[in-house]
Amino acid sequence: MGLGRWLPLVRLMSVSSSKECGFRLRVALVRHGESMNNVHEAVSHAAYRANRSADPDLSPRGREQAVVLGRWLASAEKASSLGLHPVTELVVSPVRRTLLTMAPLARELGMRARVDCELFEAGGIYEANAEYTVFEGRGGMTRAEMQEAHPTYVLPEEVGVDGWYKGVTKESDDECRERAARVIQRVKERARTLRQDEQIVLVVHYDFINACLDALLLPHAKGPFDRWKVYNTAITVVDLDANGEPSIVAFNAIPHILHADNASLVSGFPL
(Lines give C-alpha, C1' and ligand atoms only; values in the text may rest on other atoms or scores of the structure.)
Protein backbone atom coordinates (compact mmCIF):
# COMPACT_ATOMS: atom_id res chain seq x y z
CA MET A 1 0.00 0.00 0.00
CA GLY A 2 1.40 3.40 -0.96
CA LEU A 3 2.16 5.95 1.70
CA GLY A 4 -0.37 8.31 0.18
CA ARG A 5 -3.18 6.04 1.38
CA TRP A 6 -2.34 6.50 5.04
CA LEU A 7 -3.84 9.15 7.28
CA PRO A 8 -1.71 12.24 6.57
CA LEU A 9 -1.40 13.49 10.14
CA VAL A 10 -2.32 12.86 13.74
CA ARG A 11 -4.37 15.73 15.15
CA LEU A 12 -3.85 15.73 18.89
CA MET A 13 -6.36 18.46 19.69
CA SER A 14 -8.96 20.22 17.59
CA VAL A 15 -8.61 23.94 18.20
CA SER A 16 -10.67 26.66 16.54
CA SER A 17 -10.58 30.40 16.89
CA SER A 18 -12.94 31.55 19.62
CA LYS A 19 -14.24 35.11 19.50
CA GLU A 20 -15.16 34.79 23.17
CA CYS A 21 -11.51 34.24 24.09
CA GLY A 22 -10.03 36.81 21.70
CA PHE A 23 -7.72 36.11 18.81
CA ARG A 24 -5.23 33.27 18.62
CA LEU A 25 -1.72 32.94 17.23
CA ARG A 26 -1.14 29.69 15.34
CA VAL A 27 2.54 28.79 15.03
CA ALA A 28 3.86 26.02 12.78
CA LEU A 29 7.27 24.73 13.83
CA VAL A 30 8.75 23.06 10.75
CA ARG A 31 11.99 21.12 10.86
CA HIS A 32 14.38 21.71 7.95
CA GLY A 33 14.87 19.17 5.18
CA GLU A 34 17.49 16.46 5.47
CA SER A 35 20.98 17.98 5.65
CA MET A 36 24.26 16.36 4.70
CA ASN A 37 25.08 16.21 8.41
CA ASN A 38 21.85 14.23 8.90
CA VAL A 39 23.03 11.83 6.20
CA HIS A 40 26.35 11.23 7.97
CA GLU A 41 24.68 10.96 11.38
CA ALA A 42 22.35 8.25 10.07
CA VAL A 43 25.42 6.15 9.25
CA SER A 44 27.14 6.43 12.63
CA HIS A 45 28.43 8.91 15.19
CA ALA A 46 31.92 8.34 13.82
CA ALA A 47 30.82 9.17 10.28
CA TYR A 48 29.11 12.31 11.54
CA ARG A 49 32.16 13.53 13.42
CA ALA A 50 34.48 12.77 10.52
CA ASN A 51 32.36 14.44 7.85
CA ARG A 52 30.20 17.08 9.56
CA SER A 53 30.08 20.64 8.30
CA ALA A 54 29.61 23.64 10.56
CA ASP A 55 26.82 24.88 8.28
CA PRO A 56 25.79 22.02 5.99
CA ASP A 57 23.85 22.06 2.75
CA LEU A 58 20.66 20.09 2.22
CA SER A 59 21.02 16.61 0.80
CA PRO A 60 19.29 15.83 -2.53
CA ARG A 61 16.49 14.22 -0.51
CA GLY A 62 16.30 17.31 1.70
CA ARG A 63 15.85 19.53 -1.32
CA GLU A 64 13.01 17.36 -2.59
CA GLN A 65 11.41 17.40 0.85
CA ALA A 66 11.53 21.20 0.78
CA VAL A 67 9.84 21.30 -2.62
CA VAL A 68 6.91 19.09 -1.61
CA LEU A 69 6.58 21.02 1.67
CA GLY A 70 6.36 24.30 -0.24
CA ARG A 71 3.75 23.00 -2.65
CA TRP A 72 1.64 21.58 0.18
CA LEU A 73 1.59 24.67 2.37
CA ALA A 74 1.03 26.94 -0.64
CA SER A 75 -2.20 25.08 -1.43
CA ALA A 76 -5.16 26.66 0.37
CA GLU A 77 -7.02 23.35 0.53
CA LYS A 78 -4.08 21.33 1.80
CA ALA A 79 -2.74 23.91 4.24
CA SER A 80 -6.24 24.24 5.69
CA SER A 81 -6.05 20.61 6.85
CA LEU A 82 -3.51 21.87 9.38
CA GLY A 83 -5.27 25.18 9.98
CA LEU A 84 -2.48 27.04 8.20
CA HIS A 85 -4.37 28.97 5.55
CA PRO A 86 -3.73 31.73 4.93
CA VAL A 87 -0.12 31.88 6.05
CA THR A 88 0.38 35.39 7.37
CA GLU A 89 4.14 35.35 8.00
CA LEU A 90 7.24 33.28 7.23
CA VAL A 91 10.14 33.24 9.69
CA VAL A 92 13.36 31.27 9.29
CA SER A 93 16.55 30.43 11.16
CA PRO A 94 19.71 31.99 9.66
CA VAL A 95 21.31 28.58 9.11
CA ARG A 96 21.98 27.41 5.54
CA ARG A 97 19.77 24.29 5.68
CA THR A 98 16.75 26.19 7.02
CA LEU A 99 17.16 29.04 4.54
CA LEU A 100 17.18 26.47 1.73
CA THR A 101 14.16 24.63 3.14
CA MET A 102 12.13 27.82 3.34
CA ALA A 103 12.95 28.91 -0.23
CA PRO A 104 10.36 26.82 -2.16
CA LEU A 105 7.56 27.81 0.24
CA ALA A 106 8.43 31.51 0.08
CA ARG A 107 8.55 31.28 -3.70
CA GLU A 108 5.23 29.41 -3.97
CA LEU A 109 3.48 31.89 -1.67
CA GLY A 110 5.17 34.95 -3.13
CA MET A 111 6.12 36.05 0.39
CA ARG A 112 9.32 37.46 1.88
CA ALA A 113 10.62 35.29 4.70
CA ARG A 114 12.04 37.08 7.73
CA VAL A 115 15.34 35.79 9.13
CA ASP A 116 15.45 35.60 12.95
CA CYS A 117 18.90 35.10 14.48
CA GLU A 118 17.54 33.58 17.70
CA LEU A 119 16.08 30.53 15.94
CA PHE A 120 19.30 28.64 15.19
CA GLU A 121 19.94 25.03 16.17
CA ALA A 122 21.31 24.07 19.58
CA GLY A 123 25.09 24.41 19.51
CA GLY A 124 25.25 27.17 16.94
CA ILE A 125 27.80 27.26 14.12
CA TYR A 126 31.08 25.65 15.11
CA GLU A 127 34.00 23.46 14.05
CA ALA A 128 35.07 20.53 16.23
CA ASN A 129 38.27 18.56 16.67
CA ALA A 130 38.45 14.86 15.78
CA GLU A 131 37.61 13.82 19.34
CA TYR A 132 34.64 16.20 19.38
CA THR A 133 35.85 17.76 22.61
CA VAL A 134 37.10 21.18 21.47
CA PHE A 135 34.80 23.58 19.62
CA GLU A 136 35.46 26.84 17.81
CA GLY A 137 32.61 29.15 16.79
CA ARG A 138 32.13 30.21 13.18
CA GLY A 139 30.14 33.18 11.92
CA GLY A 140 27.85 31.37 9.51
CA MET A 141 26.69 32.90 6.24
CA THR A 142 27.66 36.52 5.75
CA ARG A 143 25.16 39.20 4.81
CA ALA A 144 26.44 39.26 1.23
CA GLU A 145 26.22 35.46 0.93
CA MET A 146 22.70 35.40 2.35
CA GLN A 147 21.52 38.23 0.10
CA GLU A 148 22.97 36.56 -2.98
CA ALA A 149 21.45 33.15 -2.18
CA HIS A 150 18.08 34.48 -0.95
CA PRO A 151 17.53 38.00 -2.31
CA THR A 152 13.88 38.21 -1.16
CA TYR A 153 14.59 37.40 2.51
CA VAL A 154 14.37 40.16 5.10
CA LEU A 155 17.63 40.19 7.04
CA PRO A 156 18.14 41.63 10.52
CA GLU A 157 21.06 43.85 11.45
CA GLU A 158 22.69 40.93 13.27
CA VAL A 159 23.65 39.39 9.90
CA GLY A 160 26.85 41.22 9.08
CA VAL A 161 30.04 41.03 7.05
CA ASP A 162 31.39 38.29 9.34
CA GLY A 163 28.16 36.30 9.56
CA TRP A 164 25.63 36.22 12.39
CA TYR A 165 26.72 33.64 15.01
CA LYS A 166 28.57 35.44 17.80
CA GLY A 167 29.53 32.46 19.97
CA VAL A 168 33.23 31.69 20.41
CA THR A 169 32.44 28.03 21.06
CA LYS A 170 29.60 25.52 20.90
CA GLU A 171 26.45 26.69 22.65
CA SER A 172 25.45 24.49 25.62
CA ASP A 173 22.07 22.79 25.90
CA ASP A 174 21.20 25.01 28.86
CA GLU A 175 22.00 28.11 26.81
CA CYS A 176 19.79 26.81 24.02
CA ARG A 177 16.94 26.26 26.48
CA GLU A 178 17.32 29.82 27.75
CA ARG A 179 17.25 31.14 24.19
CA ALA A 180 14.17 29.08 23.32
CA ALA A 181 12.45 30.40 26.44
CA ARG A 182 13.13 33.96 25.26
CA VAL A 183 11.67 33.16 21.86
CA ILE A 184 8.58 31.60 23.42
CA GLN A 185 8.13 34.64 25.64
CA ARG A 186 8.21 36.86 22.54
CA VAL A 187 5.63 34.64 20.89
CA LYS A 188 3.35 34.79 23.94
CA GLU A 189 3.62 38.57 24.06
CA ARG A 190 2.65 38.75 20.40
CA ALA A 191 -0.35 36.48 21.03
CA ARG A 192 -1.60 38.87 23.71
CA THR A 193 -1.62 41.86 21.35
CA LEU A 194 -3.20 40.36 18.22
CA ARG A 195 -5.91 42.23 16.34
CA GLN A 196 -6.78 39.18 14.24
CA ASP A 197 -5.99 35.47 14.04
CA GLU A 198 -2.56 34.80 12.54
CA GLN A 199 -0.82 31.76 11.08
CA ILE A 200 2.99 31.90 11.19
CA VAL A 201 5.35 29.30 9.73
CA LEU A 202 8.81 28.97 11.33
CA VAL A 203 11.41 26.79 9.62
CA VAL A 204 13.81 25.73 12.35
CA HIS A 205 15.60 22.68 13.81
CA TYR A 206 15.12 19.39 15.67
CA ASP A 207 16.70 20.33 19.00
CA PHE A 208 15.29 23.85 18.87
CA ILE A 209 11.77 22.51 18.33
CA ASN A 210 12.33 20.28 21.36
CA ALA A 211 13.51 23.26 23.39
CA CYS A 212 10.51 25.36 22.34
CA LEU A 213 7.96 22.65 23.12
CA ASP A 214 9.62 22.07 26.48
CA ALA A 215 9.53 25.81 27.19
CA LEU A 216 5.82 25.87 26.36
CA LEU A 217 4.69 22.68 28.07
CA LEU A 218 7.46 21.51 30.41
CA PRO A 219 9.30 24.68 31.43
CA HIS A 220 11.41 22.92 34.07
CA ALA A 221 12.77 20.30 31.65
CA LYS A 222 16.52 19.72 31.64
CA GLY A 223 18.93 17.40 29.90
CA PRO A 224 19.18 16.33 26.25
CA PHE A 225 16.62 17.19 23.61
CA ASP A 226 15.05 13.77 23.11
CA ARG A 227 11.44 14.20 24.24
CA TRP A 228 9.88 15.22 20.89
CA LYS A 229 10.68 13.23 17.75
CA VAL A 230 10.17 15.06 14.45
CA TYR A 231 10.91 14.03 10.88
CA ASN A 232 12.67 16.26 8.38
CA THR A 233 10.15 18.93 7.23
CA ALA A 234 7.59 17.63 9.75
CA ILE A 235 5.05 20.24 10.83
CA THR A 236 4.11 20.80 14.47
CA VAL A 237 1.29 23.29 15.03
CA VAL A 238 0.75 25.13 18.30
CA ASP A 239 -1.97 27.65 19.14
CA LEU A 240 -1.51 30.39 21.72
CA ASP A 241 -4.59 32.18 22.97
CA ALA A 242 -4.87 35.79 24.08
CA ASN A 243 -3.48 34.80 27.48
CA GLY A 244 -0.46 33.09 25.93
CA GLU A 245 -1.77 29.63 26.85
CA PRO A 246 -0.70 26.88 24.40
CA SER A 247 -2.67 24.09 22.73
CA ILE A 248 -1.15 21.44 20.47
CA VAL A 249 -3.06 21.21 17.20
CA ALA A 250 -0.79 18.77 15.36
CA PHE A 251 2.56 17.12 16.00
CA ASN A 252 5.17 15.67 13.62
CA ALA A 253 2.74 15.88 10.69
CA ILE A 254 4.11 14.97 7.26
CA PRO A 255 1.05 15.05 4.96
CA HIS A 256 3.13 16.57 2.17
CA ILE A 257 5.44 13.56 2.20
CA LEU A 258 2.73 10.95 2.67
CA HIS A 259 0.74 12.32 -0.26
CA ALA A 260 3.86 12.37 -2.40
CA ASP A 261 3.57 8.57 -2.07
CA ASN A 262 7.33 8.24 -1.83
CA ALA A 263 8.55 6.31 1.22
CA SER A 264 12.14 7.32 0.45
CA LEU A 265 11.32 10.92 1.43
CA VAL A 266 10.74 10.01 5.07
CA SER A 267 13.83 10.79 7.13
CA GLY A 268 14.88 12.32 10.39
CA PHE A 269 15.01 9.69 13.11
CA PRO A 270 14.93 5.89 13.25
CA LEU A 271 11.80 4.02 14.34
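Glycine 139 is buried, with a relative accessible area of 18% (buried means under 20%, exposed over 50% and partly exposed in between, with a 1.4 Å probe and protein chains only). The model is predicted, so local features need pLDDT of at least 70 and side-chain atom pairs count only at pLDDT 80 or more, while totals for chains, interfaces and linings use all residues. Residues are numbered from 1 along each chain as its sequence is written, and side-chain values use heavy atoms, with hydrogens and water left out.

**Glycine 139**
- Glycine 139 lies in the loop between β5 (135-137) and α6 (143-149); helices (H or I, at least four residues) and strands (E, at least two) are DSSP runs, numbered from the N terminus.
- Beyond its neighbours within four places in sequence, glycine 139 is in contact (heavy atoms within 4.5 Å) with Asp162, Gly163, Trp164 and Tyr165.
- From glycine 139 to leucine 258 there are 119 residues in sequence and 36 Å in space, C-alpha to C-alpha.

**Glutamine 65**
- Helix α3 (residues 60-74) holds glutamine 65, which counts as buried at 0% relative accessibility.
- Residues up to four places away in sequence aside, glutamine 65 touches Gly33, Glu34, Asn232, Thr233, His256, Ile257, Leu265 and Ser267.

**Aromatic pairs**
- Rings of Phe, Tyr and Trp (its six-membered ring) pair if their centres lie within 6.5 Å; planes under 30 degrees apart count as stacked, over 60 as edge-to-face and the rest as tilted.
- Nine aromatic pairs are counted by this rule.
- The ring centres of tryptophan 228 and phenylalanine 251 are 5.7 Å apart and the planes are at 65 degrees, so this pair is edge-to-face.
- Because tryptophan 228 is in the loop between α8 (206-217) and β7 (235-240) and phenylalanine 251 is in strand β8 (residues 246-253), the pair ties together parts 23 residues apart in sequence.
- Tryptophan 228 is buried, at a relative accessible area of 18%.
- Tyrosine 231 and phenylalanine 269 form a stacked pair, because their ring centres are 4.5 Å apart and their planes are at 20 degrees.
- This pair links distant parts of the chain, 38 residues apart: tyrosine 231 is in the loop between α8 and β7, and phenylalanine 269 is in the segment after α9 (255-258).
- Tyrosine 231 and phenylalanine 269 are both buried.
- Tyr48, Tyr126, Tyr132 and Phe135 are linked into a cluster by ring pairs.

**Charges over rings**
- A charge sits over a ring if NZ of Lys or CZ of Arg is within 6 Å of the ring centre and within 35 degrees of the ring normal.
- The charged end of lysine 170 sits over the ring of phenylalanine 135, 5.7 Å from its centre.
- Over the ring of phenylalanine 120 sits the charged end of arginine 179, 3.5 Å from the ring centre.
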